[in-house]
Amino acid sequence: MNANLTTIMTISLPFLGAGIGYLIKHYIEKKKEISNELTKQRREIYQQYVNLIIDIFSNSKLNKKNNNTSMLSELYQFYKKYVLFASPNVIKAFSDYFQYVYNQNDSEDTDSKKSLELITKIMFEMRKDIGLNNKGLGKNGEMLMRALITDYDRIWK
């Protein structure tokens, strides 16, 4: 009887192990597939944000009030798309920027350095979220905007 039990255990344990291994592998593959799709969605949405910010800076010769109104409208549209896909750090950085904008509308006191810092922090977190290296881009990604700002040294240093 003891020999039969040993034989059954010897035969069944590898099958049980193989079954568990298959389930674990299937779970990991499914999770990786979802992660890849999520990353693809994030890249597309984050690219829209970057395009928006660059367009705003390239059109900065427009009336500042109209530019701010248009920018906020486009940022709200972006918010609708990204809120489901963005990581918590990106959402927090975006929320910090909007809180700053809301407070600026109340006080009429604008601090362009703080605004740029919050904008670049969003891009910095987006890059981190999709797995890109941010080394050398500054604490909050200040170097991301250097190509768009003519008085970079005056603002950031």
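The model is predicted, so local features need pLDDT of at least 70, side-chain atom pairs count only at pLDDT 80 or more, and totals for chains, interfaces and linings use all residues. Residues are numbered from 1 along each chain as its sequence is written, and side-chain values use heavy atoms, with hydrogens and water left out. The chain has five helices and zero strands. The structure holds three salt bridges.

**Overall fold**

- From the N terminus on, the elements run α-α-α-α-α.
- Helices and strands here are DSSP runs, numbered from the N terminus: a helix is H or I with at least four residues, a strand is E with at least two.
- The chain has 157 residues, and 29% of them are buried.
- Buried means under 20% relative accessible area, exposed means over 50%, and partly exposed lies in between (1.4 Å probe, protein chains only).
- Take contacts between residues at least 6 apart in sequence: 55% of them join residues at least 24 apart.
- A contact means heavy atoms within 4.5 Å.

**Surface and patches**

- The accessible surface of the chain is about 11100 Å². Carbon and sulfur atoms account for 57% of that surface.
- Accessible areas come from the Shrake-Rupley method with a 1.4 Å probe; for residues, only the protein chains shown count as cover.
- A nonpolar surface patch of about 810 Å² is built from L5, M9, L13, L16, I20, I24, Y27 and I28. L5 lies in helix 1.
- A patch of negative charge on the surface gathers E29, E33, E37 and E44.
- E29 lies in helix 1, which covers residues 2-58. E29 counts as partly exposed because its relative accessibility is 40%.
- Patch residues have over 30% relative accessible area and no salt bridge; like charges are joined within 9 Å, and nonpolar side chains (Val, Leu, Ile, Met, Phe, Trp, Tyr) within 5 Å.
- Lys and Arg count as positive, Asp and Glu as negative; His and the chain ends are not counted. Each charge is placed at NZ of Lys, CZ of Arg, CG of Asp or CD of Glu.

**Salt bridges**

- A salt bridge is a side-chain nitrogen of Lys or Arg within 4 Å of a carboxyl oxygen of Asp or Glu.
- In helix 3, K92 and D96 sit four residues apart, about one turn of the helix. Their side chains meet in a salt bridge (3.5 Å, N to O).
- K92 counts as exposed at 52% relative accessibility, and D96 counts as partly exposed at 35%.
- K121 and E125 lie four residues apart in helix 4 (residues 112-129), about one turn of the helix. Their salt bridge spans 3.0 Å, N to O.
- K121 is partly exposed, at 25% relative accessibility. E125 is buried because its relative accessible area is 6%.
- E125 also bridges to K128, with the closest N and O atoms 3.5 Å apart. Shared partners join K121, E125 and K128 into one network of salt bridges.
- K128 is partly exposed, at 43% relative accessibility.

**A buried loop residue**

- S87 sits in the loop between helix 2 (64-82) and helix 3 (88-107).
- S87 counts as buried because its relative accessible area is 11%.
- Not counting residues up to four places away in sequence, S87 touches R42, Y46 and D129.
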